[in-house]
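Subject: Structure handover

Hi,

Here is the structure I promised to pass on. Please open it and keep it beside this email while you read.

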Amino acid sequence: MEGANHTVTQFILVGFTTDPVVQLVLFVVFLGVYSVTLVGNTTLMLLICKDSRLHTPMYFFIGNLSFLDLWYSTVYTPKILVICISEDKSISFAGCVAQFFFSAGLTYSECFLLAAMAYDRYVAISKPLLYSQAMSIKLRVFLVAASYLGGFINTSIITKRTFALKFCDDNVIDDFFCDFLPLVKVACGRKDGYQTALFFLLGSNVIAPTVFILASYLFIIVVIARIRSTQGRLKAFSTCSSHLISVTLYYGSILYTYVRPPSSYSLGRDKITSTFYTVVFPMLNPMIYSLRNKDVKEAFYNLLK
């Protein structure tokens, strides 16, 4: 691939700005966000493992989501920190391939995992008495494993197609990581077939889980509507609120970035959106699933004691 299809041996990541003062400010901000991400997700995983009250199907998925977010953030943030304080903003061709593979794989895996969590919420509300039996450990492990497997199989295809493009003399990527759109922009030669494959994979990995989540919540609304008491309906809906917030933020940023007409793409604006779902979102997830959760708060207080 390296010898036959391109003359580039490394790429230059422009990052967010060339102003040294702003770069220093961004370094401090991203370091703080990454630190909170590490502490928040690690703490949540520790609580779920240690407290028996959190050994339920819902927290099984939340723990796996925290692990995925921890890995997800680590793919991007260390390189962003280096770009902010170092004059060397290069990334090797192999490093770009690796970053692209893991970033896309984890993005798709999280899409599938959030879809699996939507099904979990439907089962919890529609079959509350049989919830633990219906969401058996075998089914949970299968859904998590299928999320990773589906995400990385599809990523293998798009990674191969992306780096089969020909890269000539232009090796400057106007972004802070190796992503689809900036790489396609610097590639030379024909790209028609690649764009078709990209839209197909985005459809199967992003649009399809989105439709599944919407269908799950449609069924959830039907079940909640059958509950007679207002308090019962509010209690049932509250069990879905954290997941609904998480899905809205994550899918909203991804759909805004990729599912648009090519003529409306703006790399400057898209950097901000990409920063949200790659760096900020992994920090927010532990807060979304714990701040309003009584069980997690009590488990945290017990851990401190």
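Of the 305 residues of the protein, 48% count as buried. Keep in mind that this is a predicted model. The protein exposes about 14800 Å². Carbon and sulfur atoms supply 68% of that area.

Now the overall fold. The protein has 11 helices and 3 strands. Along the sequence they follow the pattern α-β-α-α-β-α-α-α-β-α-α-α-α-α. The radius of gyration is 21 Å, close to the 19 Å that the globule rule gives for 305 residues, so the protein is as compact as a globular protein of that length. Its C-alpha trace spans about 65 × 45 × 35 Å along the principal axes.

Next, contacts and charges. Take the contacts between residues at least 6 apart in sequence: 81% of them join residues at least 24 apart. The protein carries 25 positive and 17 negative charges.

Find it in helix α10, which covers residues 267-290. Is T278 buried or exposed? T278 counts as buried, because its relative accessibility is 0% and the cut-off for buried is under 20%.

What does the side chain of T278 reach? It reaches the backbone oxygen of S274, at 2.5 Å. Leaving out residues up to four places away in sequence, T278 touches Y72, S73, Y76, F176 and F177.

Best wishes

Note on methods
Residues are numbered from 1 along each chain as its sequence is written. This is a predicted model: local features need pLDDT of at least 70, side-chain atom pairs count only at pLDDT 80 or more; totals for chains, interfaces and linings use all residues. Side-chain values use heavy atoms; hydrogens and water are left out. Helices (H or I, at least four residues) and strands (E, at least two) are DSSP runs, numbered from the N terminus. Buried means under 20% relative accessible area, exposed over 50%, partly exposed in between (1.4 Å probe, protein chains only). A polar contact is a pair of N or O atoms within 3.5 Å; within protein, one must be able to donate a hydrogen and the other to accept it, and residues adjacent in sequence count only if both atoms are side-chain atoms. Contact means heavy atoms within 4.5 Å. The radius of gyration is taken over C-alpha atoms; the globule rule is 2.2 Å times the number of residues to the power 0.38. Accessible areas come from the Shrake-Rupley method with a 1.4 Å probe; for residues, only the protein chains shown count as cover. Lys and Arg count as positive and Asp and Glu as negative; His and the chain ends are not counted. The place of a charge is taken as NZ of Lys, CZ of Arg, CG of Asp or CD of Glu.
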